[in-house]
Amino acid sequence: MNRLAFRVLFATFGGLAYLPVAQAWQLSQTEVLNYRVKWGPLTMGKASLAYSPTPQGYALEVRLKDSSSLLNLQSLYTVQGRHTPQAFTSSRYHARQQENDYRADKVVEFNGSTRRITYTNHLDANDQAPPVGWDGKLRDVFSQLYALRRQPLSAYGKPQELQVMGTKRPFVLLQGAAQPLPQAKNERPRARVTLRNRKEDGSLAKDVWQVTLREEADGTLTPVVVQAQTKFGTFTATLK
């Protein structure tokens with residue numbers, strides 16, 4: 001598995017996935033989700049997602065770790081933002097990536113005064129990207145995914161296109177209509193959503209993600225399982 005396949009698995013839906021009971025989540029509450037990641041039958045590593053309220057708004061922290069014979073991964077993604085003018089308005093997205101022999105220290109800044117998004121890789125001055133115009137609504141990928149969690153399952157009844165900011169440039173995330181899953185007695189509603197990226201040339205990326213979402217009593221969503229089908233095989237993340 002290369003670093004892109006592993007990173008995309010989590011960057012696609014806030015690292016979504018879960019298994020045990022996750023409590024209903026509010027913007028005023030700290031939340032930590034821990035995941036086990038498998039590549040086919042092999043356990044590959046683990047990931048965690050943490051949300052914390054701050055005086056300015058919120059902070060997100062995403063950790064990816066694996067020390068198997070195939071991959072040495074120690075990456076940390078942190079996000080800072082505000083809940084005005086919209087919930088999950090991005091301010092700063094910081095990616096510290098350590099994946100085998102690859103190292104990066106990337107910062108994406110959302111500037112409300114200049115209305116621009118800027119990119120810097122502190123470990124590689126040659127790794128550059130032109131500023132992106134910002135309408136105040138475009139979010140970093142993790143803020144966007146947390147914002148999506150605050151919608152009920154009914155909001156996923158139709159396909160939609162979402163433009164989000166990655167670690168370097170914006171991309172389009174295509175979300176298919178949610179497919180309801182069988183519901184046992186006393187079980188919360190669940191549905192499976194298919195996600196794909198549309199590349200800059202308009203073609204669809206070959207990788208496909210299927211995310212199982214559980215709707216909590218307050219209408220928020222908890223990711224339960226994320227399955228990524230890539231050319232490197234199938235990766236599955238499950239909340240432990």
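## Overall architecture

Helices (H or I, at least four residues) and strands (E, at least two) are taken here as DSSP runs, numbered from the N terminus, and on that basis the chain has two helices and 15 strands. The structure is a predicted model, in which local features need pLDDT of at least 70 and side-chain atom pairs count only at pLDDT 80 or more, while totals for chains, interfaces and linings use all residues. Residues are numbered from 1 along each chain as its sequence is written, and side-chain values use heavy atoms, with hydrogens and water left out.

Of the 240 residues of the chain, 49% count as buried, where buried means under 20% relative accessible area, exposed means over 50%, and partly exposed lies in between (1.4 Å probe, protein chains only). The accessible surface comes to about 11600 Å², and 49% of this area belongs to carbon and sulfur atoms; such areas come from the Shrake-Rupley method with a 1.4 Å probe, and for residues only the protein chains shown count as cover. Where contact means heavy atoms within 4.5 Å, 46% of the contacts between residues at least 6 apart in sequence join residues at least 24 apart.

## Salt bridges

A salt bridge is defined as a side-chain nitrogen of Lys or Arg within 4 Å of a carboxyl oxygen of Asp or Glu, and the count by this rule comes to six. One of them joins the side chains of Glu-31 and Arg-149, at 2.9 Å from N to O. Glu-31 lies in strand β1 and Arg-149 in the loop between α2 (141–148) and β9 (160–165), so this pair ties together parts that are 118 residues apart in sequence. Glu-31 is buried, with a relative accessible area of 8%, and Arg-149 is likewise buried, at 2%.

Glu-161 and Arg-198 form another salt bridge, at 3.1 Å from N to O, and this pair links strand β9, which holds Glu-161, to strand β12 (residues 190–198), which holds Arg-198, across 37 residues. Arg-198 counts as partly exposed, at 28% relative accessibility. A salt bridge also joins the side chains of Arg-214 and Glu-216 (3.1 Å, N to O); Arg-214 is buried at 4% relative accessible area, and Glu-216 is buried at 7%.

## The second largest pocket

A pocket is an open set of points on a 1 Å grid over the protein atoms alone, where a 1.4 Å probe fits and protein lies on both sides within 12 Å along at least five of seven lines, and lining residues have an atom within 4 Å of a point. The second largest pocket holds about 180 Å³ of space, the volume being the space filled by probe spheres set on the points, which are joined across faces, edges and corners. Strands β1 (31–39), β2 (42–53), β3 (58–67) and β4 (72–82) each supply at least two residues of its lining, which includes Tyr-35, Arg-63, Gln-74 and Lys-240.

## Backbone geometry

Most residues other than glycine have a negative phi, and most peptide bonds are trans. A cis peptide bond, with omega about 0 degrees, joins Thr-84 and Pro-85, and Pro-85 lies in the loop between β4 and β5 (89–99). Arg-115, in the loop between β6 (102–111) and β7 (116–121), has a positive phi near 60 degrees and is partly exposed, with a relative accessible area of 41%. Asn-186 has a positive phi of about 65 degrees; this residue is found in the loop between β11 (179–180) and β12 and is exposed, at 76% relative accessible area.
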